[in-house]
Amino acid sequence: MSQQSQQSRGLPNLVASAPEWSTDVDARVSSVGMWIFMGANAMLFVAFFFAFFYLRALNNADNWMNIWTVHPRRYIGGIIVLLLVACAGLVVMGARSAAKAPSTARMFFWLALLAGVLCCGFQVYEFKHLGFDPQMGGGYASVFVGLKSVLMAEIVVAMIWLGTHIAQATPIGDTTARPASAAAFGNFLVMLAGVGVVAYLVLYFI
Amino acid sequence: MPPGLGVLAYWPFEPVVLIGVELAAVLYVVGGMGLSRGRHGSAGRWRAAAFWLGLLTILVALQSPIEMLARQLFWVHMIQHLLLMVVAAPLLALASPWTQMWRALPLRLRRSVARPLFLQPRLAWLRALYHQVSRPSVIWVLATANLWLWHLPPLYDLTLSNHLVHHLEHTLFLVLGIAFWAQLIDQRPFRSPLGTLERAGYVFLAMVQSWGLAGVLSFATVPFYSYALLPSRPGGISALTDQQLAGGMMWVPGAITYSIALIVFLFRWLAEEDLGGQLGVRAEKGQVHGG
Amino acid sequence: MAIAPIVDGPSIIQSSERRIVVPTNILTGIVLAVFGYWVGEQLGNSFLLNDAQNTGVLLGYSFASIMFLVGVGFANYPLARLFGWRVTPQPAGDDHTGAWRYLNLSLDHKVIGVQYLVAMLMAMLFGGIGAMLIRTSLLVPDPPIVAPDKYLTLVSMHSVMMIFVASAAIVGPFGNFFVPLMIGTNRMAFPRLEALSFWLVPPAIVILLAAPIFGGFQTGWTGYTPLSEQADQGFDSYIVGFTLIGLALVVSGVNMLTTVIRLRAPGMTWIRLPIFVWGVFSASILGTFAAPILAAALIMQGFDRTLNTTFFISSAGGSPYLWENLFWFFGHPEVYIFILPAFGIILELLPHFARKPLWGYRTAVVGLLGVTLLSWFVWQHHLFMSGIAPALRPFFMFSTEMISIPTGIVFLVAFGTLWRARISMSVPMLFCLGFLFNFLIGGLSGVFLSDVPSDVTLHGSYFSMAHFHFTIVGGEIFAIIAAIYYWFPKMTGRMLNQTLGKIHFWWMMIAFNMAFMPLFAAGLLDMPRRVSTYAVDLQTLNDWVSIWAFILFASMLFFAFNVIWSWFFTFKVAPANPWQVRSIEWMLPTPLGRRNFEKIPVFTGSPYDYGNPGAKPVADLGGPSDLGRRGFGAEPVPS
């Protein structure tokens with residue numbers, strides 16, 4: 001890391017080059033922190049899956065899936081999930097080469113970004129061509145819209161985050177200096193992809 | 001057989017259970033003959049007590065009037081299964097009677113079985129398979145899958161109508177249950193590869209998955225199994241209430257053993273940390289030069 | 001060309017060719033927040049959904065919060081990364097200096113701790129004013145002083161504000177300030193996340209305070225549907241505010257857990273962790289994994305109020321029980337988030353002021369972890385009278401009663417520590433003893449509520465109100481005040497006046513018990529919660545309670561006076577270790593430098609090892625470390 005002397009507006013810079021900020025500390029901290037965050041994030045989706053099974057079991061007013069609701073087309077849902085899985089896989093591969101070959105990592109990250117953006121695009125398309133309207137009621141419609149919206153919102157944020165990794169996957173960039181953070185991010189995307197797969201199976205087949 | 005609690009006056013006759021328990025008891029006693037008393041001190045006495053308690057639990061679960069009530073009430077049937085999986089199985093795992101039972105067999109028989117199993121090259125694939133299957137993660141998955149599969153309505157109803165399948169179900173619960181607890185309690189001569197904190201996590205995950213199944217049973221709005229076909233139940237409860245009680249049984253009382261195990265492992269892990277600290281060794285692996 | 005000093009820090013982004021200065025501070029935050037609200041509202045209203053204008057308000061609040069954070073400076077580092085500029089992730093120093101640091105984004109955990117303390121005290125003031133208005137209204141049974149729906153809004157505002165306070169009032173100020181010190185590290189695992197967890201709180205408070213402008217909400221802090229579905233835009237404050245607090249819990253939890261797991265100094269094994277850190281750790285486990293459930297449930301409510309989904313409308317395939325189950329699955333761990341750090345404080349302070357080792361340290365830890373575990377499967381006791389299948393009640397009654405066992409273990413450890421000890425009746429110790437008295441009453445009353453037969457009559461009455469006020473106010477708030485008196489010298493460099501403190505204690509203790517003990521009676525006399533009118537023969541009781549509540553509020557104002565006076569109007573710097581205790585934070589100078597430890601400490605002894613002549617010092621702070629590998633403590637600080 002660069003060690004040019006810096007002044008922090010009158011405060012001597014005691015901190016930036018101190019040993020507690022070294023990259024191996026960051027590496028271990030990132031992986032544990034990401035696992036914990038993934039667990040917390042999984043709980044968010046668990047609540048939606050609980051809502052699915054609970055409302056389906058209750059079937060209040062016979063309105064779990066009313067006559068205006070049909071299962072959305074599986075191939076669109078399938079494309080969305082496949083793109084998400086591809087995105088996650090590409091990020092993982094990119095993270096692996098972040099330290100040694102930043103340009104390869106960059107390429108993988110760009111491809112992942114493409115996959116992620118396409119995924120969101122298809123999701124928006126699907127929302128516009130759902131064949132049912134959450135306002136018409138029905139528990140399934142609500143859970144579908146809710147779960148998929150939250151998932152898409154997280155994918156969008158993840159894509160912005162991926163953008164920062166793309167920008168920093170240069171020979172002097174931060175991702176190259178701290179590949180552990182890219183690996184942790186890859187794990188996060190794998191978790192999102194996992195949620196996407198489970199959501200696909202639950203929402204389109206049950 | 002009268003319906004209702006009068007049924008408690010009747011004892012079932014389950015030859016499979018009786019033979020199994022007696023065989024185990026005989027092997028244990030015969031295998032223990034000739035060993036000097038108190039060879040393993042008080043630990044040995046505790047293990048023996050655990051063994052007999054485990055066998056007694058199996059008898060209470062399957063060869064007592066509870067079995068009669070279980071044919072009418074789902075929640076009593078649940079108690080039976082819980083007795084097998086979270087009382088008898090851990091007790092038998094604590095007892096770790098395997099070497100003693102093995103010793104009951106004649107030496108020539110033991111050698112002719114053990115030598116090829118351990119040494120013969122042609123059976124290397126068997127050893128490799130065992131190696132893979134006996135991994136903690138595999139055992140966890142198998143035990144969990146076993147639990148959930150038998151609760152699928154078609155299979156569960158099959159156990160209610162076919163006695164042999166029912167015995168198979170109980171045997172699998174017991175065997176996989178013992179295999180599960182063997183990952184947490186070292187079975188001489190086998191040692192579980194899990195560290196103390198890992199064992200805590202292992203049992204915590206098992207508890208959480210049982211909550212999942214319990215939640216399904218508790219929150220369901222229709223009864224799942226052919227208990228619903230019975231015309232009436234002791235206490236006049238509905239089939240749905242019966243199912244909710246069963247779910248609650250699995251949820252809370254079913255979690256007691258796991259909770260105790262979890263607390264024991266946490267306690268033990270803290271003690272290891274203490275010992276590590278006293279020896280000046282950093283017991284926690286991966287501790288970082290953490291500024 | 002000479003490049004002027006370039007700063008690595010939250011707001012100045014370094015690059016080798018360019019220097020950009022993006023001034024970000026609290027003022028830009030506020031300005032951008034207002035702008036963001038306007039943008040969000042316009043956007044929301046432009047969708048023309050049939051939504052009683054909730055979309056505009058919800059999006060307005062959301063954009064306002066995001067833009068506030070951007071304005072304060074959280075976007076600088078991500079944007080710098082996004083633009084590919086050369087960034088150093090470690091915080092070099094704070095962007096602002098002096099007292100202005102405390103009003104702006106700081107990545108120093110000590111500054112964040114003080115910021116949290118002030119924010120929590122201010123929020124408590126707002127909540128307390130709400131309480132005073134409630135009690136004023138209850139002086140007269142009929143006709144009520146405040147109209148019923150406005151009264152319910154008062155109740156909701158008071159309760160939600162106090163919930164916000166209780167969630168973070170210990171982990172925020174004291175967890176942030178002292179956990180790194182106690183484990184011997186100079187950093188938190190994720191300083192930006194920790195700062196974020198603080199800066200989410202002011203928007204949450206402001207958004208909540210805005211609720212009455214939009215008509216308020218009448219659901220209380222539990223937000224039950226369908227009442228919430230029928231509420232005006234005031235309820236949108238609840239949704240967004242509570243989501244922000246939930247996010248703060250998750251973010252703070254991720255940081256706190258990782259810090260304790262990964263950044264302990266040599267010799268700081270888990271068994272040597274100060275019990276306060278265990279309290280914070282166990283509460284963080286709960287916060288991290290329970291809060292997302294709340295967030296999901298609030299998002300569902302948000303969708304119901306904007307996209308007209310029907311998560312909670314039973315005639316349309318949803319169910320109010322979905323909300324109840326999701327809310328309480330979070331809500332029960334939430335109350336343990338309140339009390340576990342409070343246990344941590346009490347068990348931390350008792351050995352120091354009783355000059356005796358903590359009795360049964362391992363037992364206490366297992367007690368705290370036992371509470372953490374059990375809190376996940378008791379939530380249905382909140383639904384005993386609200387829709388749980390009756391067959392399930394016995395099981396949750398059993399598990400709820402079981403949770404009193406680890407709680408009892410904590411009490412056992414506390415009393416074991418006090419047994420035959422030389423108790424020094426300092427102000428912190430007084431509040432600890434007050435905690436033990438109050439929480440005992442509160443906890444025991446909880447056992448009555450956990451029993452289904454008695455809960456059938458007591459649910460929704462003032463009995464349950466008395467129960468949770470004894471546990472939260474008599475428990476957690478007393479612990480917070482004990483912590484303030486104890487740690488004030490280290491955090492601010494000033495001692496709180498001890499004589500005023502003793503007066504404060506007795507004033508508060510007596511007023512609190514006089515005010516809340518009769519509420520048990522009110523509950524047994526069938527007075528329900530959340531009502532603006534009540535039976536006329538209960539007026540004497542209510543007037544007694546209200547008067548003592550005013551006296552209690554006055555005691556808190558008295559405390560506030562002590563705090564402000566001692567902090568800003570006394571100039572004597574507190575000694576480094578005024579209480580003469582062994583804990584490591586007192587081995588450090590007052591005030592603390594930007595970097596906590598010049599050399600990483602090596603922990604050698606327990607902080608509770610009193611009365612043992614051969615006790616090792618808690619840590620070796622200065623000498624060269626003989627653990628030469630990996631350079632522990634042996635690296636000189638670069639100048």
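Of the 639 residues in chain C, 62% are buried, in a model that is predicted. The C-alpha atoms of chain C occupy a box of roughly 70 × 65 × 50 Å along the principal axes, and the radius of gyration is 25 Å, which agrees with the value near 26 Å that a compact globule of 639 residues would have. Among contacts between residues at least 6 apart in the sequence of chain C, 79% link residues at least 24 apart.

From α5(C) the contact draws on Thr153(C), Val160(C), Phe164(C), Ser167(C) and Ala168(C), while α10(C) supplies Gly234(C), Tyr238(C), Gly241(C), Ile245(C), Ala248(C) and Leu249(C). These residues comprise 7 nonpolar, 4 polar and no charged.

In the second pair, helix α13 of chain C (residues 361-374) and helix α14 of chain C (residues 393-418) cross at roughly 155°, their axes coming within 8 Å, and therefore α13(C) is roughly antiparallel to α14(C). The crossing of α13(C) past α14(C) is left-handed. Among the residues making this contact are Gly367(C), Leu368(C), Gly370(C) and Val371(C) of α13(C), together with Met402(C), Ile403(C), Pro406(C) and Val410(C) of α14(C). By class, the contact of α13(C) with α14(C) has 10 nonpolar and 5 polar residues, with no charged ones.

Terms used:
Residues numbered from 1 in each chain as written. Chains lettered and ligands numbered in written order. Predicted model: local features only at pLDDT ≥ 70, side-chain atom pairs only at ≥ 80, totals over all residues. Contact = placed C-beta atoms within 7 Å. Helix = DSSP H or I, 4+ residues; strand = E, 2+ residues; numbered from the N terminus. Nonpolar A, V, L, I, M, F, W, Y, C, P; charged D, E, K, R; others polar. Axes fitted to C-alpha atoms, helices over the stretch in contact; angles between N-to-C directions. Parallel < 35°, antiparallel > 145°, perpendicular 65-115°, else oblique. Left-handed = near helix turned anticlockwise from the far one by under 90°. Rg over C-alpha atoms; globule rule 2.2 N^0.38 Å. Buried ≥ 20, exposed ≤ 12 C-beta atoms within 10 Å, placed from the backbone.
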